[in-house]
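Reader: Please show me the model, and then let me ask what the labels rest on.

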Amino acid sequence: MAAAGVSPSIVEYFGGEDGYRCGYCKNETGNLSHGMWAHSMTVQDYQDLIDRGWRRSGKYVYKPIMNQTCCPQYTIRCQALHFQTSKSHKKVLKKMLKFLSKGDVSKVVNEEEPMDSHIEDVGACDFAYKGESHVSQSELTPLSVDHAERVENEDQDTGEKKEEGTVQKVESDSLQLRADKETPVPGEPSHSAKVVHAPPKPGKGADLSKPPCRKAKDIRKERKLQKLLQNQTCTVEGSQLQAADQVFLLQNSKSKTNQPKSIEDFVFVSLPDDAQHKLEFTRFLCDSPLEAENAPDGPECGYGSFHQQYWLDGKIIAVGVVDILPYCVSSVYLYYDPDYSFLSLGVYSALREIAFTRQLHEKAPDLCFYYMGFYIHSCPKMRYKGQYRPSDLLCPETYIWMPIEQCLPLLEHSKYCRFNQDGKAVDEGRIKELGRVRVLHKRTVMPYSVYKKRRKGPSDEASVQQYASLVGQTCSERMLLFRS
């Protein structure tokens with residue numbers, strides 16, 4: 001069930017028999033997908049849906065028919081806590097820092113531009129508007145809970161046996177961002193053994209009996225952290241975000257000089273006082289079908305859909321939309337000023353969103369993945385998402401996540417693949433009891449078994465069966481399927 005105080009999801013299923021123009025290969029009728037209109041949706045329902053291959057474009061939620069569509073689209077996620085910054089990623093981050101600090105970056109467009117156009121959303125637009133719902137708001141408002149409960153108990157009145165279903169919560173593996181404090185670092189002496197160093201002879205090296213010398217950079221970091229902590233109270237929301245970002249960086253900065261730089265070392269670094277440019281960020285809720293939620297163990301900003309604005313010297317140069325969900329940050333799309341394409345804003349925004357995911361994990365331990373939409377191997381221009389490692393692809397048949405390294409050889413032989421090589425494995429979330437699907441009919445919530453008896457006209461069981469098989473048993477028992 002939905003969280004306390006949160007209305008249940010209400011969806012209108014449209015099926016998916018007609019083909020549409022593909023935004024990847026330009027086939028006029030090759031894009032095949034199932035779709036539904038989300039009048040409202042909880043963040044938990046959407047989390048469970050994208051873990052079954054669905055994705056939203058505005059209020060339209062669609063799922064490609066993987067074994068039929070011209071360009072199969074596989075849901076891809078990055079394990080943000082274990083993210084490994086590649087050389088090309090570091091190049092983009094350093095280019096941004098150089099531009100902000102010195103303002104002398106060569107304005108050459110980077111051909112490796114991920115997250116810039118989000119073609120999957122462009123491809124979805126054709127059918128999104130064709131399938132737009134015209135149901136009035138009054139029809140979508142359920143009657144009182146007492147009335148709904150009486151209707152749901154009609155099965156018992158007719159002598160039919162109704163079993164209590166258990167709604168299983170999907171749990172992501174809890175990943176650790178930092179190594180255990182007790183784990184010995186290779187090359188360092190064990191803390192259990194007492195090491196005594198004799199003072200060196202004059203001119204023969206450092207005196208190991210004295211505290212080691214500290215780099216000026218580390219001392220500046222510590223002073224900066226102390227200063228930020230003393231001035232935590234800020235009146236401007238944007239300033240609060242900047243202060244929080246920098247505190248996060250300094251608290252999680254590398255302690256060993258031989259460790260590679262983390263993404264935070266690039267994204268949240270402090271600029272010199274004489275920096276040529278100033279890049280600021282603002283974040284606020286935006287209109288979407290997702291219902292904003294707040295939870296005691298959730299991120300401070302809450303769950304829902306957010307605009308992330310990128311301001312350069314007081315001018316907005318890019319806007320990204322992200323959905324903050326129970327187990328992930330899902331990137332929806334990004335649009336930006338083409339005059340600043342030389343900054344590779346697509347790459348930069350993706351890296352910043354990964355860092356943002358890691359930051360949210362500090363307060364919400366279950367939130368540890370960054371979803372990048374769809375990976376389309378059959379379209380070379382869309383393979384860039386596989387460069388964000390480590391990443392997983394979703395098996396289109398069993399809905400199990402598989403490491404992308406295991407999937408790529410299969411995709412080289414066939415554009416459609418079942419990634420899970422266990423032939424006995426099945427979709428554990430598949431529909432088992434169609435009668436338990438929740439329906440909203442004439443403002444009354446009821447199980448499908450009751451609605452089927454009340455319905456007049458031809459049977460719609462085939463359509464409801466298709467809908468339930470695609471969203472799975474758990475979502476079909478939580479969401480309300482609107483029937484006119």
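Reader: Which residue in β12 is the bridge partner of Asp-392?

Author: Pro-403 in β12 is the bridge partner of Asp-392. This is a predicted model, in which local features need pLDDT of at least 70 and side-chain atom pairs pLDDT 80 or more, while totals for chains, interfaces and linings use all residues. Residues are numbered from 1 along each chain as its sequence is written, and side-chain values use heavy atoms, without hydrogens and water.

Reader: What makes β11 and β12 a pair of strands?

Author: Two strands pair if DSSP finds at least two bridges between them. Three bridges join β11 (residues 391-394) to β12, and the two strands run antiparallel. Three meets the cut-off of at least two, so β11 and β12 are paired. The names follow DSSP runs numbered from the N terminus: helices (H or I) have at least four residues and strands (E) at least two.

Reader: What is the order of the sheet of eight strands, and why are β6 and β12 called its edges?

Author: The order is β6-β7-β8-β9-β10-β5-β11-β12, an open sheet with mixed pairing. From one strand to the next, the twist averages 30°.

Reader: Which helices pack on these strands?

Author: Helix α9 lies across β5, β6, β7 (304-312), β8 (315-324), β9 (328-336) and β10 (369-375), and its direction is at about 155° to β9. Helix α10 (residues 404-413) touches β5, β10, β11 and β12, and makes about 85° with the direction of β12. Contact means heavy atoms within 4.5 Å. Angles run from 0 to 180 degrees between N-to-C directions, with axes fitted to C-alpha atoms, for helices over the stretch in contact.

Reader: Why are α2 and α9 called roughly perpendicular?

Author: The axes of α2 (residues 87-102) and α9 (residues 345-361) come within 10 Å and cross at roughly 100°. Angles of 65 to 115 degrees count as roughly perpendicular, under 35 as roughly parallel, over 145 as roughly antiparallel and the rest as oblique. α2 and α9 are therefore roughly perpendicular to each other. From α2, His-89, Val-92, Leu-93 and Met-96 make the contact, and from α9, Leu-345, Val-347, Tyr-348 and Leu-351.

Reader: How many residues of that contact are nonpolar, polar or charged?

Author: Seven are nonpolar, one is polar and none is charged. Here Ala, Val, Leu, Ile, Met, Phe, Trp, Tyr, Cys and Pro count as nonpolar, Asp, Glu, Lys and Arg as charged, and the others, Gly among them, as polar.

Reader: What is the order of the open sheet of seven strands, and why do β3 and β14 count as edges?

Author: The order is β3-β4-β2-β1-β15-β13-β14, again with mixed pairing. β3 (55-57) and β14 (444-447) have a single partner strand each, so one side of each lacks a neighbour in the sheet. Ignoring direction, neighbouring strands here are turned by 35° against each other on average.

Reader: How do you know that β1 and β2 are joined?

Author: Five bridges join β1 (residues 10-15) to β2 (residues 33-40), which run antiparallel. In one of these pairings, Tyr-13 has Met-36 of β2 as its bridge partner. Helix α12 (residues 461-478) lies across β1, β2, β4, β13 (438-441) and β15 (480-483), at about 155° to β1.

Reader: What does Gln-44 contact beyond its neighbours within four places in sequence?

Author: Gln-44 is in contact with Pro-326, Tyr-327 and Arg-478. Gln-44 belongs to helix α1 (residues 43-50).

Reader: What sets Pro-390 and Lys-26 apart in backbone geometry?

Author: Most residues other than glycine have a negative phi, and most peptide bonds are trans. The bond from Arg-389 to Pro-390 is cis, with omega near -5°, and Pro-390 sits in the loop between β10 and β11. Lys-26 has a positive phi, near 70°, and is in the loop between β1 and β2.
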